[in-house]
Amino acid sequence: MAEEFKYEKAVSRLEEIVHEIESGEQGVDSLVDKLKEAQGLIRKCKEKLFKVETELKKISEDDAG
């Protein structure tokens with residue numbers, strides 16, 4: 001079973017990746033891996049935010065209607 005995606009955990013990991021990259025201690029191969037990981041996390045965060053926005057709009061419409 002896949003682990004449930006946690007937005008806050010993903011944002012925290014993105015902050016770690018940024019710090020690691022900014023430190024300048026990453027080799028080229030490691031940098032590419034970190035950028036790929038960050039790209040995947042950003043995609044998942046966007047998807048989560050879109051789902052939450054959709055749910056909030058539905059709730060708002062249900063309350064108004």
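A network of salt bridges links Arg 13, Glu 16, Glu 20, Lys 34 and Glu 37; a salt bridge is a side-chain nitrogen of Lys or Arg within 4 Å of a carboxyl oxygen of Asp or Glu. The model is predicted: local features need pLDDT of at least 70, side-chain atom pairs count only at pLDDT 80 or more, and totals for chains, interfaces and linings use all residues. Residues are numbered from 1 along each chain as its sequence is written, and side-chain values use heavy atoms, with hydrogens and water left out. Across the whole structure, a search finds eight salt bridges.

**Salt bridges of Arg 13**

- Arg 13 and Glu 16 form a salt bridge through their side chains, at 3.0 Å from N to O.
- Both residues belong to helix H1 (residues 7-22), where Glu 16 and Arg 13 are three residues apart, about one turn of the helix; helices (H or I, at least four residues) and strands (E, at least two) are DSSP runs, numbered from the N terminus.
- Glu 16 is partly exposed, at 39% relative accessibility; buried means under 20% relative accessible area, exposed over 50%, and partly exposed in between (1.4 Å probe, protein chains only).
- The side chain of Arg 13 also meets that of Glu 37 in a salt bridge, at 2.8 Å from N to O.
- Because Arg 13 lies in helix H1 and Glu 37 in helix H2 (residues 28-64), this pair ties together parts that are 24 residues apart in sequence.
- Glu 37 counts as partly exposed, with 32% relative accessibility.

**Salt bridge of Lys 34 and Glu 20**

- Lys 34 and Glu 20 meet in a salt bridge between their side chains, at 2.9 Å from N to O.
- Lys 34 is in helix H2 and Glu 20 in helix H1, so the pair ties together parts that are 14 residues apart in sequence.
- Lys 34 is buried, at 16% relative accessible area, while Glu 20 is partly exposed, at 22%.

**Nonpolar core**

- Six residues make up the largest nonpolar core: Ala 10, Leu 14, Ile 17, Ala 38, Leu 41 and Cys 45. Such a core is a set of buried Ala, Val, Leu, Ile, Met, Phe, Trp, Tyr and Cys residues joined through side-chain atoms within 4.5 Å.
- At least two residues of this core come from each of H1 and H2.
- Cys 45 is in helix H2 and is buried, at 7% relative accessibility.
- Beyond its neighbours within four places in sequence, Cys 45 is in contact (heavy atoms within 4.5 Å) with Phe 5, Tyr 7, Ala 10, Val 11 and Leu 14.
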